[in-house]
Each structure stands twice: as structure tokens, then as C-alpha cells.
Amino acid sequence: MNESTALLRLQEIDLALLKDASTLAGMPQQAKLKNIAAARKKVESQLTKILGQRKDAQIELDDLKDALQHYKDVTAEVQAEAVEGTKTHREVRDIELSLTHLAKQIEKTEFELPVRQEALDKLVLAEKNANLMLERLDAEREATQASYDEESAELKARIRSLSAERDRESAQVGAAMMERYEAARKRFRGLAVETLVGNVPTVCRVKLQPSQFHDLSHGPEVTECPYCHRILIATEQGE
């Protein structure tokens with residue numbers, strides 16, 4: 001296989017790969033997988049926030065329970081002290097004040113406990129729901145990925161086959177020409193090589209002047225289009 005034939009086949013392969021890659025990227029499962037990933041990231045962020053709030057709420061509730069127990073223990077100590085021995089009027093008054101203060105603290109704490117417990121329960125429920133959402137998203141992702149793998153298997157196999165053939169065709173093209181081809185392929189979105197049909201290039205379709213056609217006909221097999229500057233196969237084989 002000569003260089004001109006290899007270049008033409010290389011372009012066919014690259015156009016096919018471009019089409020297959022576009023088809024692969026456009027499969028609905030791809031968009032769905034991206035949406036699932038975005039949703040999962042959002043839920044994970046929310047879950048991290050909930051976990052922090054739930055831990056703080058648990059600590060606050062535990063501290064409140066400890067405080068309540070402390071007030072009850074101190075109340076028992078003060079009550080025990082009140083019945084021990086004879087007390088002066090001032091000592092009795094101090095005990096009464098202490099018991100009144102402790103009673104208010106106990107009442108306040110007991111009132112606050114169910115409020116804190118309710119807040120904690122809500123956070124526990126939110127954590128549970130977030131974990132359930134992650135499980136659903138994981139199941140949906142797994143099902144979508146399986147569907148994508150199944151439906152894209154043939155396409156991926158063709159891409160692998162074409163890629164292997166591209167490597168073989170590239171080996172038939174010189175390094176300098178390959179560099180020209182890659183530059184033209186990027187510039188012209190895959191249409192890097194054209195041939196002649198009579199005196200008209202097949203891509204840019206600008207009719208060559210007789211002098212230009214004569215020069216190309218008697219020049220190298222692989223040249224450049226004087227109009228669009230694509231790689232031009234100007235031999236009989238390229239028609």
C-alpha cells in the first residue's frame with residue numbers, strides 16, 4: 001500500500017471514529033449517568049452537613065440529660081442536708097433559695113429535653129432518607145451503566161477495531177506527511193485529504209485552471225490543493 005492510499009483510508013477511518021465517538025457520547029445513558037453523578041454529589045454534600053448537625057444535636061441532648069441528672073442529684077443532697085440537725089433562719093432561707101433555683105433549672109431542662117429530642121429525631125430521619133436516596137441513586141447508576149455497556153458494546157468493539165487499523169495505516173505514512181495530515185485533520189474537522197475528479201478537487205470543489213491541473217498532473221503523487229490547502233491526491237489512483 002502506497003502513501004496516498006494509506007492517507008485516504010486513514011481519513012475514512014478517522015471520519016468513522018469521529019462519528020462513532022459522537023454516537024457514543026450522545027447515548028442517553030451518558031447524560032443520565034452525568035445527572036446521577038451530579039445528584040449523588042449533592043446528596044453526599046447534604047448528608048455531610050446532616051451528619052455534623054446530628055452529632056452536635058446528640059451532644060447537646062446528652063449534655064442536657066447530664067445537666068438534668070446533676071440538678072436532681074444536687075437537689076437530693078440539699079434536701080438531705082435540710083433534714084440534718086438544727087438550722088438557723090439564714091441556713092433555712094439559703095436551702096429554700098437553693099431548692100427553688102434547682103427546681104427552676106430542672107423545670108427548664110425538662111421543658112427543653114423534648115424540644116432537643118425532636119430536633120435530633122428529625123436529623124436522624126433526614127440522615128436515613130439521605131442514605132436511602134444514595135442507595136437508590138447507586139441502584140439507578142448500576143442499571144444505567146449496565147444498559148450503556150450492553151448497548152455500546154458493538155460500537156466500542158468497532159472503535160477498537162478501527163483504532164487498530166488506524167495504527168496500521170499510520171505506519172504506512174511518513175512522519176512528515178503524518179504531521180501534515182494531523183494538522184489538516186484538526187483544521188478541517190476531519191476532511192484533511194481530497195482527490196481529483198477530472199480537474200475538480202472532491203472537497204473544496206474549486207475547478208483548477210489548466211496550468212494548475214497540468215502542474216499537478218506532472219508533480220508528486222501527494223501534494224496540496226492550491227485553493228483550500230488540504231492534502232491533495234493528484235494521481236490516477238486518487239480519482
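A salt bridge (a side-chain nitrogen of Lys or Arg within 4 Å of a carboxyl oxygen of Asp or Glu) joins the side chains of Glu140 and Lys32, with an N to O distance of 3.7 Å. Glu140 belongs to helix α3 (residues 89-170) and Lys32 to helix α2 (residues 28-82), so the pair links distant parts of the chain, 108 residues apart; helices here are DSSP runs of H or I with at least four residues, strands are runs of E with at least two, and both are numbered from the N terminus. The model is a predicted one, in which local features need pLDDT of at least 70 and side-chain atom pairs count only at pLDDT 80 or more, whereas totals for chains, interfaces and linings use all residues. Residues are numbered from 1 along each chain as its sequence is written, and side-chain values use heavy atoms, with hydrogens and water left out.

Accessibility is classed as buried under 20% relative accessible area, exposed over 50% and partly exposed in between (1.4 Å probe, protein chains only). On this scale Glu140 is partly exposed at 34%, and Lys32 is partly exposed at 39%.

A further salt bridge connects Glu127 with Arg54, whose closest N and O atoms are 2.9 Å apart. This pair also links distant parts of the chain, with Glu127 in helix α3 and Arg54 in helix α2, 73 residues apart. Glu127 is buried, with 16% relative accessibility, while Arg54 is partly exposed at 22%.

In total, the structure holds 17 salt bridges. In one of them, Arg185 pairs with Asp14 at a closest N to O distance of 3.6 Å. Because Arg185 lies in helix α4 (residues 175-187) and Asp14 in helix α1 (residues 3-25), the pair ties together parts that are 171 residues apart in sequence. Arg185 is partly exposed, with a relative accessible area of 26%, and Asp14 is buried at 7%. Through shared partners, salt bridges join Asp14, Arg166, Glu182 and Arg185 into one network.

Nonpolar cores were defined as sets of buried Ala, Val, Leu, Ile, Met, Phe, Trp, Tyr and Cys residues joined through side-chain atoms within 4.5 Å. The largest has 14 residues, and those with the most contacts inside it include Leu7, Val173, Met177 and Tyr181. Elements α1, α4 and β4 (231-233) each give two or more residues to this core, and α4 supplies the largest share, four residues. With contact taken as heavy atoms within 4.5 Å, Met177 touches Glu3, Leu7, Val222 and Ile231, residues up to four places away in sequence not being counted. Another core, of twelve residues, lies apart from the largest one and includes Ala57, Leu61, Leu64 and Leu123.
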